[in-house]
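This briefing covers the points in the structure that can be checked directly against the coordinates.

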Amino acid sequence: MRLLVIEDEPKLADYLHKGLSENGYVVDVASDGIRGRLLACEGEYDLVLLDLMLPGIDGFGVLKAMRERGQTPVLMLTARDKIEDRVRGLQDGADDYLVKPFAFSELLARVGALLRRGSNGASGGGTQLRLADLEIDLASRKAQREGKRLDLTAKEFTLLTLLLRRRGQVLSRTTLAEQVWDMNFDSDTNVVEVAVRRLRAKLDDPFQNKLLHTVRGMGYVLEDRSA
């Protein structure tokens with residue numbers, strides 16, 4: 001699942017990026033309100049973590065623009081502990097509020113709760129992804145084939161989700177490195193190949209129908225070629 005962090009404190013932004021990425025989320029970061037508003041309104045995110053005090057445009061301005069476009073869940077982060085600020089944030093459309101400083105475990109719990117709440121209100125099973133006998137539940141972060149649970153790590157789940165969201169498209173090693181590990185691809189690094197090999201061992205090896213394919217010289221694609 002893709003999250004957007006709009007936070008102007010570099011240390012906190014890096015801390016959130018690192019912690020959320022390690023828990024399997026794909027995370028983008030904006031350091032001011034103008035950039036944050038652009039990403040939040042034009043990008044596709046499952047949740048936005050929004051600081052209240054931002055340069056350019058404050059969090060209330062970003063939230064207003066977001067609510068004119070859609071209902072992406074918003075968790076507001078702020079050093080302000082005034083009750084009127086919290087009330088205004090919730091009245092303006094924020095889904096939850098967390099006052100700094102906070103424990104990362106609490107933030108992680110609130111992120112999970114908001115994502116589950118959003119999925120319960122979604123129509124058409126928006127948190128369910130399927131391909132052939134492969135099913136992924138984004139809310140519970142579970143994957144299965146033929147009804148059998150796949151024991152995936154956080155990174156493997158993120159990698160599989162990205163491939164499934166873009167099924168039928170060949171994704172290069174560079175794209176996977178950037179989207180899953182948030183790293184600029186280094187030709188001397190085999191992190192992508194190792195991760196794909198481990199994912200394939202769980203996703204395909206126990207089953208007759210293979211879904212994860214290597215396109216020589218180009219990258220990897222998830223698709224059902226059994227038909």
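In this predicted model, the side chain of Asp51 makes a polar contact with the side chain of Lys100, at 3.1 Å. Asp51 is located in strand 3. Asp51 counts as buried because its relative accessibility is 2%, and the cut-off for buried is under 20%.

**Surroundings of Asp51**
- Leaving out residues up to four places away in sequence, Asp51 touches Ile6, Glu7, Asp8, Gly59, Leu77, Thr78 and Lys100.
- One of these residues, Gly59, is also among the buried residues of helix 3.

- Five strands form an open sheet in the order 2-1-3-4-5, and their pairing is parallel.
- Strand 2 (26-30) and strand 5 (96-99) are the edge strands, each pairing on one side only.
- On average, and with direction ignored, neighbouring strands in this sheet are turned by 20° against each other.
- Four bridges link strand 3 (residues 47-51) to strand 4 (residues 74-78) in the parallel sense.
- Leu49 has Leu75 of strand 4 as its bridge partner.
- Helix 4 (residues 83-91) lies across strand 4 and strand 5, and runs at about 150° to strand 5.

**Helix 3**
- Asp58 caps the N-terminal end of helix 3, with a side-chain oxygen 3.1 Å from the backbone nitrogen of Phe60.
- Helix 3 (residues 59-69) has Gly59, Phe60, Val62, Leu63, Ala65, Met66 and Arg67 as its buried residues.
- The cover over these buried residues includes strand 1 (2-6), helix 2 (33-42), strand 3, strand 4 and helix 4.

- In soluble globular proteins, nonpolar side chains tend to be buried together.
- The largest nonpolar core here holds 48 residues, of which Leu20, Leu49, Leu107 and Leu222 touch the most other members.
- Helix 6 (residues 154-165) gives the most to this core, contributing six residues.
- Another core, of 21 residues, lies apart from the largest one and includes Ala30, Cys41, Val48 and Leu63.
- With neighbours within four places in sequence set aside, Leu20 is in contact with Leu3, Val5, Tyr25, Val27, Leu49, Phe104, Leu107 and Leu108.

How values were computed
Residues numbered from 1 in each chain as written. Predicted model: local features only at pLDDT ≥ 70, side-chain atom pairs only at ≥ 80, totals over all residues. Heavy atoms only, no water. Core = buried A, V, L, I, M, F, W, Y, C linked by side-chain atoms within 4.5 Å. Buried < 20%, exposed > 50% of the residue type's maximum accessible area, 1.4 Å probe, protein only. Helix = DSSP H or I, 4+ residues; strand = E, 2+ residues; numbered from the N terminus. Contact = heavy atoms within 4.5 Å. Pairing = 2+ DSSP bridges. Axes fitted to C-alpha atoms, helices over the stretch in contact; angles between N-to-C directions. Polar contact = N/O pair within 3.5 Å; in protein donor to acceptor, adjacent residues only side chain to side chain.
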